[in-house]
Amino acid sequence: MNVTHLECANCGKTYEANKLYNLCVECGKPLLVFYDLETAKQTLTKDSLKTRSENLWRYAEVLPVENPENIVCLGEGFTPLLKVERLAATLPLKLNLYIKDESTNPTQSFKARGMSAAVSMAKELGVKKVAAPSAGNAAGALAAYASRAGMEAHLFMPQDTPKANIVECEQTGAFVTLVDGLITDCGKIVAERKDAEGWFDVSTLKEPYRVEGKKTMGYELAEQLDWTLPDVILYPTGGGTGLIGMWKAFDEMEKMGWIDSKRPRMVSVQSAGCAPIVRAFHAGSRFADEFENAHTVASGLRVPKAIGDFLILDAIRASNGTAIAVSDENLVSAVKEIGAAEGLFCAPEGAACLPALREMIEKDLVGEGETVVIFNTGAGVKYLECFA
Ligand SMILES: *Cc1c(COP(=O)(O)O)cnc(C)c1O
Ligand SMILES: [Zn+2]
């Protein structure tokens, strides 16, 4: 509701609300959605939230769907923010440490948030068939939401995608194609075939609404921390939708007068086998080159080239954050460390945040008593191959 227009995040070209879009027609970069926040805040108040449904559509005034009948919901969002004191006690300094546990989303990852928003908008705008390349969890989420909306989903995944992702897509009624290559190769196939097949492409940031679904993590953090934000957020980064979305949410909340201008330090965590954002951050570049021979068991982080690279890097820099690469060995062993301390079976992507936090502590990038949030973006049970 309340969408005023869309705007290219790179060149600023504006676009009318309530139409189907992929990338900016001028410069090929992602579009972002803008709202009439003065109107939104009349009904979306801190008080009104107390009685709303416990899913991300509680923030409907700042989400793009106009007609609530088009909302495609499986109960996504409003995930627990767990204080993890036993895990924090293993660190060499005292922190208020939390894990935002996104594994409780439908289809067991935070991809559900983005796909719920994107599929709802696709439904509102008359789409019948959607397509996407995926490293795994995006496909699982799209398959589920497309079926729930009565749409066809056409999914393209690398051959070595975790088996659970492939099986869940098949069992939730999608058309699945396995590709001998990376997610970038899968993306090329979607781009080549979509016009002839009549598919709407919902690739990460190639349509504007997945970010809107994911930004709700920023609203939830503020709400769950009693309208404050943490000092540090560690975010396992592939395409970066969640980081970009939360950064946007903070801005919207400030404009509505809910928070001040202080921002968390945004920390992008990647695997050493695929770390284009980490490399670009330390090189001082605004855009990230494609990472050659990308490989990591944390399949959600296997994104060698992110189209929203500049938005991720801008947010990290503006927040005085950083970017850290973690070896596969360390991120896999962190799964067990978190699991044994807190009973959470994390996705390897989420677990990667723990060794990254240790590195920040060693380098004095986090201080005694600070509030730190780690994003566990998915469920470990989908990655049984990693623990063989
Ligand atoms: C997709 C994915 C990521 C990366 O998310 P982005 O928003 O694309 O950066 C991290 N963890 C898991 C489990 C994922 O599925
Ligand atoms: Zn543009």
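This is a predicted model: local features need pLDDT of at least 70, side-chain atom pairs count only at pLDDT 80 or more; totals for chains, interfaces and linings use all residues.
**Exercise 1.** Which residues does Glu212 touch, not counting residues up to four places away in sequence?

Residues are numbered from 1 along each chain as its sequence is written, chains are lettered from A and ligands numbered from 1 in the order in which they are written, and side-chain values use heavy atoms, with hydrogens and water left out.

*Solution.* 
- Start with contacts, meaning heavy atoms within 4.5 Å: Glu212 touches Val33, Tyr35, Val62, Leu63, Pro64, Lys248 and Glu252.
- Now look for a polar contact (a pair of N or O atoms within 3.5 Å; within protein, one must be able to donate a hydrogen and the other to accept it, and residues adjacent in sequence count only if both atoms are side-chain atoms). The side chain of Glu212 has one with the side chain of Lys215, at 2.6 Å.
- Finally, check burial: buried means under 20% relative accessible area, exposed over 50%, partly exposed in between (1.4 Å probe, protein chains only). Glu212 counts as buried because its relative accessibility is 0%.

**Exercise 2.** Find the protein donors of the zinc ion (ligand 2) and name their arrangement.

*Solution.* 
- Donors are N, O and S atoms within 2.8 Å of the metal (3.2 Å for Na, K and Ca); water is not among the atoms, so sites may look incomplete.
- Four donors count as tetrahedral if all angles lie between 85 and 135 degrees. Here the angles run from 97 to 118°, so the arrangement is tetrahedral.

**Exercise 3.** How are the rings of Tyr15 and Tyr21 arranged?

*Solution.* 
- Rings of Phe, Tyr and Trp (its six-membered ring) pair if their centres lie within 6.5 Å; planes under 30 degrees apart count as stacked, over 60 as edge-to-face and the rest as tilted.
- The structure holds ten aromatic pairs. In one of them, Tyr15 and Tyr21 sit 5.2 Å centre to centre with 70° between the planes, an edge-to-face pair.
- Tyr15 is buried at 9%, and Tyr21 is buried at 13%.

Definitions and conventions:
Four donors count as tetrahedral if all angles lie between 85 and 135 degrees; four count as square planar and six as octahedral if opposite donors are over 155 degrees apart and all others between 65 and 115; anything else is irregular.
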